[in-house]
Amino acid sequence: MRDPVLARRTMVEEQLVSRGIKDQRVLSAFLEVPRHKFVEEYLKYKAYDDYPLSIGYGQTISQPYMVALMTEALAPSPQDKILEIGTGSGYQAAILSRLCSTVYSIERVSTLASRARKTLDELGYFNIHTRIGDGTFGLPQDAPYDGIIVTAGAPHVPEALIGQLKEDGRLVIPVGDQSIQDLKRIIRTKDGIREESLGGCRFVRLIGKNGWQE
Ligand code: SAM
């Protein structure tokens, strides 16, 4: 495997900055978090490449650019409490943990959740609370959140998630059919809901009571 520090610098310049990611805090988090620790041994040499990688169970660690785009759209501040739905490898949670005060992350596949927990503990990212369950209900016991990020494609926006946002809270979520989705940012303002489209994307399915049926 290439020198990981160099590989991260190249990834940030060639995949993120060149495509318009500007937030310096976000770029610093990508320089810091060792993405190769979040993939299996046989894929480590590809960890900094420009595409998603398998993490088993039919799931993926998302393309670095997509993680950066969603993180920038979520705009986490140092004092924020953020909820992620779809822990997967734990990489997105690790990036968020560098940018806000507390991260809650929920995953439905228990083996992935425990593997991610182990990685995050080994790296000392202790401001991340991992949970196992159906994230289409959000995580009401720790709500409200400054931001919610859904890292799987939903057929529609689960109503519960909007209800768990603080005022001015942001929800970033891919919504669409099973092959292509629109990345949406939804902001809960004091006057109601504001919705923007951030472009097309392709995610594995959000499976659950308020998502796709298994
Ligand atoms: N954020 C992850 C990372 O950094 O590696 C990548 C997430 S992967 C693209 C999508 C994840 O969402 C999968 O691990 C999948 O099991 C999980 N997922 C799908 N439906 C879910 C649900 N209802 N609740 C929680 N997790 C779910």
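**Stop 1: the ligand**

Select aspartate 134 and the ligand. An N or O atom in the side chain of aspartate 134 sits 3.0 Å from a nitrogen atom of the ligand. Keep in mind that this is a predicted model.

The ligand is surrounded by 27 residues. Glu84, Ser89, Glu107, Gly135 and Ile207 are the closest.

**Stop 2: the sheet**

Switch to cartoon. Look for an open sheet of seven strands with mixed pairing. Read across it in the order S5-S4-S3-S6-S7-S8-S9. Which strands stand at the edges? Select 128-132 for S5 and 192-201 for S9. Each has a single partner strand, so one side of each has no neighbour in the sheet. On average, neighbouring strands here are turned by 15° against each other, direction ignored.

Zoom in on S8, residues 181-189, beside S9. The two pair in the antiparallel sense over eight bridges. For one example, pick isoleucine 186; its bridge partner in S9 is glutamate 195.

**Stop 3: helices on the sheet**

Select residues 64-74, helix H3. H3 lies across S3 (81-85), S6 (145-150), S7 (165-176), S8 and S9. Against S7, H3 runs at about 150°. Then select 110-123, helix H5, which also packs on the sheet. H5 touches S4 (102-107) and S5, and its direction makes about 165° with that of S5.

Return to H3 and colour by accessibility. How many of its eleven residues are buried? Ten are, so treat H3 as mostly covered. Among the buried ones are Tyr65, Met66, Leu69 and Leu74. Step just past the end of H3 to alanine 75, which takes a positive phi of about 50°.

**Stop 4: the cores**

Nonpolar side chains in soluble globular proteins tend to be buried together. Here, the largest nonpolar core has 45 residues. Select Leu16, Ile21, Phe30, Phe38, Tyr91 and Ile95: these have the most contacts inside it. The elements giving two or more residues to this core are H1 (4-16), H2 (24-32), S1 (53-56), H3, H4 (91-97) and H5. Which element gives the largest share? H3 does, with eight residues.

Centre on isoleucine 21. Beyond its neighbours within four places in sequence, isoleucine 21 is in contact with Leu16, Val26, Leu27, Tyr65, Ala68, Leu69 and Glu72. Another core lies apart, with 18 residues. To find it, select Ala154, Leu161, Ile162 and Leu171, which are among its members.

**Stop 5**

Select S1 together with S2, residues 59-61. Three bridges join the two antiparallel strands. Leucine 53 has isoleucine 61 as its bridge partner in S2. Two residues lie between the strands of this hairpin, and tyrosine 57 takes a positive phi near 55°.

Now pick serine 54, in S1. Is serine 54 buried, partly exposed or exposed? Its relative accessible area is 36%, so serine 54 is partly exposed. A polar atom of its side chain lies 3.1 Å from the backbone nitrogen of glycine 56. Leaving aside neighbours within four places in sequence, serine 54 is in contact with Leu43, Gln59 and Thr60. Draw a C-alpha to C-alpha distance to glutamate 40: 8.7 Å, at 14 residues apart in sequence.

**Stop 5: two buried loop residues**

Go to aspartate 80, in the loop between H3 and S3. Aspartate 80 has 4% relative accessibility and therefore counts as buried. Not counting residues up to four places away in sequence, aspartate 80 touches Ala75, Cys100, Ser101, Thr102, Asp146 and Arg170.

Finish at tyrosine 125, in the loop between H5 and S5. Tyrosine 125 is buried too, with a relative accessible area of 6%. Its contacts, leaving aside neighbours within four places in sequence, include Glu32, Pro34, Phe38, Arg98 and Leu120. Serine 97 is 28 residues from tyrosine 125 in sequence, yet 6.9 Å away in space, C-alpha to C-alpha.

Conventions: Residues are numbered from 1 along each chain as its sequence is written. This is a predicted model: local features need pLDDT of at least 70, side-chain atom pairs count only at pLDDT 80 or more; totals for chains, interfaces and linings use all residues. Side-chain values use heavy atoms; hydrogens and water are left out. Two strands pair if DSSP finds at least two bridges between them. Helices (H or I, at least four residues) and strands (E, at least two) are DSSP runs, numbered from the N terminus. Axes are lines fitted to C-alpha atoms, for helices over the stretch in contact, and angles run from 0 to 180 degrees between N-to-C directions. Contact means heavy atoms within 4.5 Å. A nonpolar core is a set of buried Ala, Val, Leu, Ile, Met, Phe, Trp, Tyr and Cys residues joined through side-chain atoms within 4.5 Å. Buried means under 20% relative accessible area, exposed over 50%, partly exposed in between (1.4 Å probe, protein chains only). A polar contact is a pair of N or O atoms within 3.5 Å; within protein, one must be able to donate a hydrogen and the other to accept it, and residues adjacent in sequence count only if both atoms are side-chain atoms. A residue is near a molecule or strand if one of its heavy atoms lies within 4 Å of it.
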